[in-house]
Amino acid sequence: MALVLFDLDDTLIDRSRAYRSWAEAFVDRHRADGHDESTVEWLIHIDEDGFRDREAWALRVKDRFRLDIPDEDVRAALHADYLEHYRIDGDTVAALHRLRKAGHRIGVVTNGPPTQLDKLRRNGLLEVIDGYVISDLVGHRKPARAIFEEAARACGGELAGGWMVGDSAPADMAGARAAGLTAVWLHRGRTWRKAAEQPDPWAVANDLPLSEPIPDGWEPDHLADSVPHAVEVILGA
Ligand SMILES: [Mg+2]
(Lines give C-alpha, C1' and ligand atoms only; values in the text may rest on other atoms or scores of the structure.)
Protein backbone atom coordinates (compact mmCIF):
# COMPACT_ATOMS: atom_id res chain seq x y z
CA MET A 1 0.00 0.00 0.00
CA ALA A 2 1.40 3.36 -1.03
CA LEU A 3 0.49 7.01 -1.34
CA VAL A 4 -0.25 7.92 -4.95
CA LEU A 5 -0.46 11.63 -5.72
CA PHE A 6 -1.94 13.07 -8.89
CA ASP A 7 -1.80 16.48 -10.49
CA LEU A 8 -5.25 17.77 -11.55
CA ASP A 9 -5.19 19.94 -14.71
CA ASP A 10 -4.10 18.04 -17.81
CA THR A 11 -3.51 14.94 -15.67
CA LEU A 12 -6.71 13.69 -14.02
CA ILE A 13 -8.77 15.94 -16.28
CA ASP A 14 -7.98 17.12 -19.79
CA ARG A 15 -7.97 20.84 -19.15
CA SER A 16 -6.98 21.79 -22.70
CA ARG A 17 -9.96 19.89 -24.10
CA ALA A 18 -12.32 21.39 -21.49
CA TYR A 19 -11.18 24.93 -22.22
CA ARG A 20 -11.57 24.50 -25.98
CA SER A 21 -15.00 22.99 -25.52
CA TRP A 22 -16.04 25.95 -23.34
CA ALA A 23 -14.55 28.47 -25.81
CA GLU A 24 -16.45 26.93 -28.74
CA ALA A 25 -19.74 26.90 -26.85
CA PHE A 26 -19.21 30.45 -25.59
CA VAL A 27 -18.45 31.78 -29.06
CA ASP A 28 -21.47 29.92 -30.43
CA ARG A 29 -23.70 31.87 -28.08
CA HIS A 30 -22.20 35.13 -29.33
CA ARG A 31 -22.23 34.46 -33.06
CA ALA A 32 -24.86 37.13 -33.59
CA ASP A 33 -22.25 39.67 -32.43
CA GLY A 34 -19.88 38.63 -35.19
CA HIS A 35 -17.79 36.09 -33.26
CA ASP A 36 -16.51 33.00 -35.05
CA GLU A 37 -13.65 30.46 -35.08
CA SER A 38 -11.09 33.29 -34.92
CA THR A 39 -12.49 34.35 -31.55
CA VAL A 40 -12.18 30.73 -30.34
CA GLU A 41 -8.49 30.87 -31.26
CA TRP A 42 -8.17 34.23 -29.48
CA LEU A 43 -9.72 32.74 -26.32
CA ILE A 44 -7.23 29.87 -26.46
CA HIS A 45 -4.37 32.29 -27.03
CA ILE A 46 -5.18 34.53 -24.03
CA ASP A 47 -5.68 31.51 -21.74
CA GLU A 48 -1.95 30.66 -21.91
CA ASP A 49 -2.80 27.12 -20.78
CA GLY A 50 -4.32 28.48 -17.57
CA PHE A 51 -1.13 30.11 -16.35
CA ARG A 52 -2.40 33.69 -16.88
CA ASP A 53 -3.92 35.54 -13.93
CA ARG A 54 -7.63 34.61 -14.01
CA GLU A 55 -8.97 38.04 -13.02
CA ALA A 56 -7.05 39.70 -15.86
CA TRP A 57 -8.17 36.94 -18.23
CA ALA A 58 -11.85 37.40 -17.26
CA LEU A 59 -11.69 41.15 -17.81
CA ARG A 60 -10.28 40.66 -21.31
CA VAL A 61 -13.12 38.26 -22.13
CA LYS A 62 -15.66 40.71 -20.73
CA ASP A 63 -14.20 43.49 -22.84
CA ARG A 64 -14.07 41.55 -26.10
CA PHE A 65 -17.61 40.13 -25.74
CA ARG A 66 -19.03 43.32 -24.16
CA LEU A 67 -20.49 41.25 -21.33
CA ASP A 68 -23.00 43.04 -19.15
CA ILE A 69 -21.56 41.72 -15.86
CA PRO A 70 -19.91 43.86 -13.14
CA ASP A 71 -16.09 43.59 -13.15
CA GLU A 72 -16.06 41.97 -9.72
CA ASP A 73 -18.44 39.19 -10.81
CA VAL A 74 -17.17 38.35 -14.27
CA ARG A 75 -14.55 35.83 -13.23
CA ALA A 76 -17.01 33.82 -11.13
CA ALA A 77 -19.60 33.87 -13.92
CA LEU A 78 -17.12 32.61 -16.51
CA HIS A 79 -15.75 30.00 -14.09
CA ALA A 80 -19.25 28.59 -13.47
CA ASP A 81 -19.84 28.40 -17.22
CA TYR A 82 -16.45 26.73 -17.81
CA LEU A 83 -17.03 24.10 -15.08
CA GLU A 84 -19.84 22.67 -17.23
CA HIS A 85 -17.14 21.58 -19.68
CA TYR A 86 -14.57 20.41 -17.15
CA ARG A 87 -15.38 16.69 -16.93
CA ILE A 88 -13.35 13.69 -15.87
CA ASP A 89 -13.25 10.65 -18.17
CA GLY A 90 -14.96 7.47 -17.00
CA ASP A 91 -11.83 5.38 -17.56
CA THR A 92 -9.83 7.70 -15.29
CA VAL A 93 -12.40 7.29 -12.50
CA ALA A 94 -12.35 3.52 -13.01
CA ALA A 95 -8.53 3.52 -12.77
CA LEU A 96 -8.68 5.48 -9.49
CA HIS A 97 -11.14 2.93 -8.10
CA ARG A 98 -8.76 0.12 -9.07
CA LEU A 99 -5.90 1.82 -7.22
CA ARG A 100 -8.04 2.25 -4.14
CA LYS A 101 -9.27 -1.31 -4.24
CA ALA A 102 -5.64 -2.41 -4.28
CA GLY A 103 -5.23 -0.58 -0.97
CA HIS A 104 -3.43 2.57 -2.11
CA ARG A 105 -4.13 6.04 -0.79
CA ILE A 106 -4.92 8.66 -3.40
CA GLY A 107 -4.27 12.38 -3.22
CA VAL A 108 -4.55 15.36 -5.55
CA VAL A 109 -1.85 18.04 -5.48
CA THR A 110 -2.67 21.07 -7.60
CA ASN A 111 -1.13 24.49 -8.06
CA GLY A 112 -3.91 27.02 -8.38
CA PRO A 113 -6.60 29.15 -6.75
CA PRO A 114 -9.16 27.94 -4.16
CA THR A 115 -11.68 27.44 -7.01
CA GLN A 116 -9.73 24.27 -7.93
CA LEU A 117 -11.92 22.69 -5.25
CA ASP A 118 -15.01 23.28 -7.44
CA LYS A 119 -13.40 21.09 -10.10
CA LEU A 120 -12.86 18.24 -7.61
CA ARG A 121 -16.39 18.52 -6.21
CA ARG A 122 -18.11 18.88 -9.55
CA ASN A 123 -16.48 15.66 -10.80
CA GLY A 124 -17.22 13.58 -7.72
CA LEU A 125 -13.50 13.27 -7.00
CA LEU A 126 -13.84 13.92 -3.28
CA GLU A 127 -15.54 10.53 -2.95
CA VAL A 128 -12.72 8.72 -4.76
CA ILE A 129 -9.64 10.32 -3.16
CA ASP A 130 -8.27 10.37 0.38
CA GLY A 131 -7.18 14.00 0.38
CA TYR A 132 -6.17 17.02 -1.67
CA VAL A 133 -3.93 20.07 -1.46
CA ILE A 134 -4.47 23.32 -3.37
CA SER A 135 -1.42 25.59 -3.44
CA ASP A 136 -3.20 28.88 -2.78
CA LEU A 137 -4.88 27.37 0.29
CA VAL A 138 -1.67 26.08 1.88
CA GLY A 139 0.85 28.69 0.78
CA HIS A 140 3.22 26.26 -0.97
CA ARG A 141 3.45 25.43 -4.65
CA LYS A 142 4.82 22.48 -6.55
CA PRO A 143 7.70 21.69 -6.89
CA ALA A 144 8.34 22.61 -3.22
CA ARG A 145 8.60 19.54 -1.00
CA ALA A 146 6.35 21.25 1.58
CA ILE A 147 3.22 20.89 -0.57
CA PHE A 148 3.84 17.14 -0.93
CA GLU A 149 4.27 16.84 2.83
CA GLU A 150 0.90 18.61 3.22
CA ALA A 151 -0.61 16.13 0.76
CA ALA A 152 0.72 13.14 2.69
CA ARG A 153 -0.82 14.58 5.87
CA ALA A 154 -4.13 15.28 4.13
CA CYS A 155 -4.27 11.68 2.90
CA GLY A 156 -3.06 10.07 6.13
CA GLY A 157 -0.16 8.48 4.24
CA GLU A 158 3.63 8.75 3.92
CA LEU A 159 5.85 10.11 1.19
CA ALA A 160 8.25 7.18 1.60
CA GLY A 161 7.43 4.61 -1.08
CA GLY A 162 4.93 6.98 -2.70
CA TRP A 163 4.24 7.98 -6.29
CA MET A 164 3.57 11.19 -8.20
CA VAL A 165 1.71 11.25 -11.52
CA GLY A 166 1.63 14.49 -13.51
CA ASP A 167 2.17 16.23 -16.84
CA SER A 168 4.37 19.15 -15.78
CA ALA A 169 8.15 18.76 -15.79
CA PRO A 170 8.95 21.85 -13.66
CA ALA A 171 6.10 21.32 -11.15
CA ASP A 172 5.13 17.63 -10.96
CA MET A 173 8.34 15.87 -11.92
CA ALA A 174 10.72 18.31 -10.21
CA GLY A 175 8.33 18.04 -7.24
CA ALA A 176 8.38 14.24 -7.23
CA ARG A 177 12.17 14.44 -7.24
CA ALA A 178 12.20 16.92 -4.31
CA ALA A 179 9.76 14.77 -2.33
CA GLY A 180 11.48 11.43 -3.02
CA LEU A 181 8.45 10.02 -4.87
CA THR A 182 8.56 7.63 -7.80
CA ALA A 183 7.80 9.88 -10.77
CA VAL A 184 5.34 8.96 -13.53
CA TRP A 185 5.23 11.51 -16.31
CA LEU A 186 2.21 11.92 -18.59
CA HIS A 187 4.01 12.85 -21.77
CA ARG A 188 1.00 14.17 -23.74
CA GLY A 189 2.97 13.67 -26.93
CA ARG A 190 6.08 15.57 -25.77
CA THR A 191 9.63 14.36 -25.36
CA TRP A 192 11.11 14.52 -21.87
CA ARG A 193 14.25 16.31 -23.02
CA LYS A 194 12.24 19.17 -24.44
CA ALA A 195 9.80 19.38 -21.53
CA ALA A 196 12.62 19.37 -18.97
CA GLU A 197 14.12 22.50 -20.54
CA GLN A 198 10.91 24.53 -20.17
CA PRO A 199 10.85 26.92 -17.22
CA ASP A 200 7.77 26.90 -14.97
CA PRO A 201 5.24 28.84 -17.10
CA TRP A 202 3.44 30.06 -13.98
CA ALA A 203 6.60 31.62 -12.57
CA VAL A 204 7.30 33.22 -15.96
CA ALA A 205 3.72 34.58 -16.28
CA ASN A 206 3.85 35.99 -12.74
CA ASP A 207 7.36 37.36 -13.00
CA LEU A 208 8.54 35.21 -10.10
CA PRO A 209 11.94 33.65 -9.54
CA LEU A 210 12.23 30.31 -11.30
CA SER A 211 12.64 27.23 -9.17
CA GLU A 212 15.75 25.09 -9.51
CA PRO A 213 16.05 23.60 -12.98
CA ILE A 214 15.86 19.83 -13.31
CA PRO A 215 19.46 18.55 -13.27
CA ASP A 216 20.86 17.27 -16.55
CA GLY A 217 20.40 13.55 -16.91
CA TRP A 218 17.55 13.23 -14.39
CA GLU A 219 14.52 11.52 -15.88
CA PRO A 220 11.12 10.43 -14.56
CA ASP A 221 11.01 6.80 -13.47
CA HIS A 222 8.15 5.98 -15.86
CA LEU A 223 6.40 7.53 -18.85
CA ALA A 224 2.65 7.06 -19.34
CA ASP A 225 0.14 7.79 -22.11
CA SER A 226 -2.79 8.32 -19.74
CA VAL A 227 -3.90 8.00 -16.13
CA PRO A 228 -5.16 4.41 -16.65
CA HIS A 229 -1.72 3.59 -18.11
CA ALA A 230 0.00 5.21 -15.10
CA VAL A 231 -2.20 3.16 -12.77
CA GLU A 232 -1.24 -0.04 -14.60
CA VAL A 233 2.42 0.84 -14.06
CA ILE A 234 1.84 1.45 -10.35
CA LEU A 235 -0.21 -1.72 -9.84
CA GLY A 236 2.40 -3.74 -11.74
CA ALA A 237 5.31 -2.45 -9.65
MG1 LIG B 1 -0.95 19.72 -15.00
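This is a predicted model: local features need pLDDT of at least 70, side-chain atom pairs count only at pLDDT 80 or more; totals for chains, interfaces and linings use all residues.
Let me begin with a term: a residue is called buried if 20 or more other C-beta atoms lie within 10 Å of its own, exposed if 12 or fewer, and partly exposed in between, with the C-beta atoms placed from the backbone. By that count Arg66, with 8 C-beta neighbours inside 10 Å, is exposed, and we will come back to Arg66 when we reach its loop.

Residues are numbered from 1 along each chain as its sequence is written.

On to the domains. The domain assignment gives domain 1 (3–14 + 89–236) and domain 2 (15–83), and such bounds come from an automatic or database assignment. The centres of the two domains, taken over C-alpha atoms, are separated by 27 Å, and their contact takes 12 residues from domain 1 and 12 residues from domain 2, where contact requires C-beta atoms, placed from the backbone, to lie within 7 Å. On the domain 1 side, helix H6 (116–122) and helix H11 (201–205) each supply at least two residues; helices here are DSSP runs (H or I, at least four residues), numbered from the N terminus. That side of domain 1 is made up of five nonpolar residues, one polar and six charged, counting Ala, Val, Leu, Ile, Met, Phe, Trp, Tyr, Cys and Pro as nonpolar, Asp, Glu, Lys and Arg as charged, and the others, Gly among them, as polar.

Next, the interior. A nonpolar core is a set of buried Ala, Val, Leu, Ile, Met, Phe, Trp, Tyr and Cys residues joined through C-beta atoms within 7 Å. The largest one has 53 residues, of which Val4, Leu5, Val108, Trp163 and Val165 touch the most other members. Helix H9 (residues 169–179) gives the most to this core, namely six residues, and because both domain 1 and domain 2 contribute residues, the core lies between them. If we leave aside neighbours within four places in sequence, the contacts of Val4 include Leu99, Ile106, Trp163, Val165 and Ile234.

Helix H3 (residues 54–65) and helix H4 (residues 71–83) pack at an angle of about 95 degrees with their axes 9 Å apart, the axes being lines fitted to C-alpha atoms over the stretch in contact, and angles running from 0 to 180 degrees between N-to-C directions. H3 is therefore roughly perpendicular to H4, a term that covers 65 to 115 degrees. Arg54, Glu55, Ala58, Leu59, Val61 and Lys62 of H3 meet Asp71, Val74, Arg75 and Leu78 of H4, which gives a contact of five nonpolar, no polar and five charged residues.

Finally, the backbone. Most residues other than glycine have a negative phi, and most peptide bonds are trans. Arg66, in the loop between H3 and H4, has a positive phi of about 45 degrees although it is not a glycine. Glu48 likewise has a positive phi of about 45 degrees; Glu48 sits in the loop between helix H2 (37–47) and H3, and with 14 C-beta neighbours inside 10 Å it counts as partly exposed. A cis peptide bond, with omega about 10 degrees, joins Lys142 and Pro143, and Pro143 lies in the loop between helix H7 (135–138) and helix H8 (145–155).

Terms used. Two residues are in contact if their C-beta atoms, placed from the backbone, lie within 7 Å. Angles under 35 degrees count as roughly parallel, over 145 as roughly antiparallel, 65 to 115 as roughly perpendicular and the rest as oblique.
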